[in-house]
Amino acid sequence: MTKKTVLHIISSARESESYSKGLSSAIVDKLIRKHDIDAVIERNLTKELPPFLDGNLIGAFYKDPRSVNEKERRLLEYADSVVNDVSNADILVLGTPVHNLGMSALLKAWIDQLVRFGVTYCYDENGVRKGNLNGKKVYLAIASGGKLEYWPGDHEFIASHVSATFNAYVGITEVHTFRVEGTAVPGFQADYQKILENL
Ligand SMILES: Cc1cc2nc3c(=O)[nH]c(=O)nc-3n(C[C@H](O)[C@H](O)[C@H](O)COP(=O)(O)O)c2cc1C
C-alpha cells in the first residue's frame, strides 16, 4: 500500500488554546491511526505569515514562467512553496477559526498564494476550466464561538467557500468538514472524538 503524506495547516494564533488546532490535530491523529500515513508536514501560518496579494505579485502570477525575472522569482517563493506542499501531499487538513463569519485571514491569504492560473488550474481547448492537482482530499476543521444552527440559514460561508475554491481552482473535489461549535459558551468542553466519530 502506498504511504500517504498529510499537510496540516494551522491558522489560529491562540496556540494551545485553539479549538480549530485541537480539532485539526485530532483529525491528523485519527488519519494516522486509520491510514498508512508516511509523513505529516505541519505549517503554522501564524509563525510564517503568508504575504497578501499586491500588484507586483499578481503581475508575477500571470507572467509566462519563462520570462520571470530574479525579483519576481523571489516574490513567488512563498507561493511556490505552498504549491509544492500541496502537490506533495495526498491529504490536506486545514484548521480555521470563524472570524466575522469567514475563515481566518491567514488561511484565506494561504489559499490566495496557492491558487494560480497555469499552475493549479487551466482551461482546456474548449475553454472549460480544470483543476490540476487531482486525487487529493481536504479535511476542514472549523471552530466557532457560536453554533451554525443559531445563524440565519444562508450564513455558512467557510465550508462552501473552501469546497468551491478547491473544486474550481485546484482540482480537489473531496472536501470533508468537521466543526467544533459553541466554544464561547461558558463551561464549553470540546469532545473531538465525538465530533470525529464518522471519520
Ligand atoms: C475577531 C474574532 C471574530 C469572531 N467572529 C466569530 C463569528 O463570526 N462567529 C462565531 O461563531 N464566532 C466568532 N468568533 C469566536 C471564534 O470563532 C472562537 O473563539 C473559536 O474558538 C476560534 O477558533 P480558535 O479557538 O481555533 O482560535 C470570533 C472570534 C474573534 C477573535
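This is a predicted model: local features need pLDDT of at least 70, side-chain atom pairs count only at pLDDT 80 or more; totals for chains, interfaces and linings use all residues.
Residues are numbered from 1 along each chain as its sequence is written, and side-chain values use heavy atoms, with hydrogens and water left out.

The ligand is surrounded by 16 residues, a residue being counted as near when one of its heavy atoms lies within 4 Å of the molecule; the closest are Ser12, Arg14, Ser18, Ser20 and Thr183. By class, this shell has six nonpolar, nine polar and one charged residues, where Ala, Val, Leu, Ile, Met, Phe, Trp, Tyr, Cys and Pro count as nonpolar, Asp, Glu, Lys and Arg as charged, and the others, Gly among them, as polar. Oxygen atoms of the ligand lie 2.5 Å from an N or O atom in the side chain of serine 20, 2.7 Å from an N or O atom in the side chain of threonine 183, and 3.4 Å from a polar backbone atom of alanine 143. Taken alone, the ligand exposes 630 Å², of which the protein buries 71%, the accessible areas coming from the Shrake-Rupley method with a 1.4 Å probe. Two or more residues of the shell are given by each of α1 (19–34) and β6 (137–144), helices (H or I, at least four residues) and strands (E, at least two) being DSSP runs numbered from the N terminus.

Helix α1 also contains serine 24, which is buried with a relative accessible area of 0%; buried denotes under 20% relative accessible area (1.4 Å probe, protein chains only). The side chain of serine 24 makes a polar contact of 2.7 Å with the side chain of histidine 8, such a contact being a pair of N or O atoms within 3.5 Å, of which, within protein, one must be able to donate a hydrogen and the other to accept it, and residues adjacent in sequence count only if both atoms are side-chain atoms. Not counting residues up to four places away in sequence, serine 24 touches His8, Val93, Gly95 and Ala141, with contact meaning heavy atoms within 4.5 Å. Although serine 24 and glycine 95 are 71 residues apart in sequence, their C-alpha atoms are 5.4 Å apart in space.

Glycine 95 is also reached by serine 11, whose side chain lies 2.7 Å from the glycine's backbone oxygen. Serine 11 is placed in the loop between β1 and α1 and is buried, with a relative accessible area of 3%. A polar contact of 3.0 Å joins its side chain to that of serine 104.

The largest nonpolar core has 29 residues, and those with the most contacts inside it include Leu92, Trp110 and Phe166; a nonpolar core is a set of buried Ala, Val, Leu, Ile, Met, Phe, Trp, Tyr and Cys residues joined through side-chain atoms within 4.5 Å. A second, separate core of 18 residues includes Ala26, Leu31, Ile91 and Ala141. In α5, the buried residues are Leu107, Ala109, Trp110, Ile111, Gln113 and Leu114, and they pack against β1, α2 (55–61), α4, β3 and α6.

Key: Buried means under 20% relative accessible area, exposed over 50%, partly exposed in between (1.4 Å probe, protein chains only).
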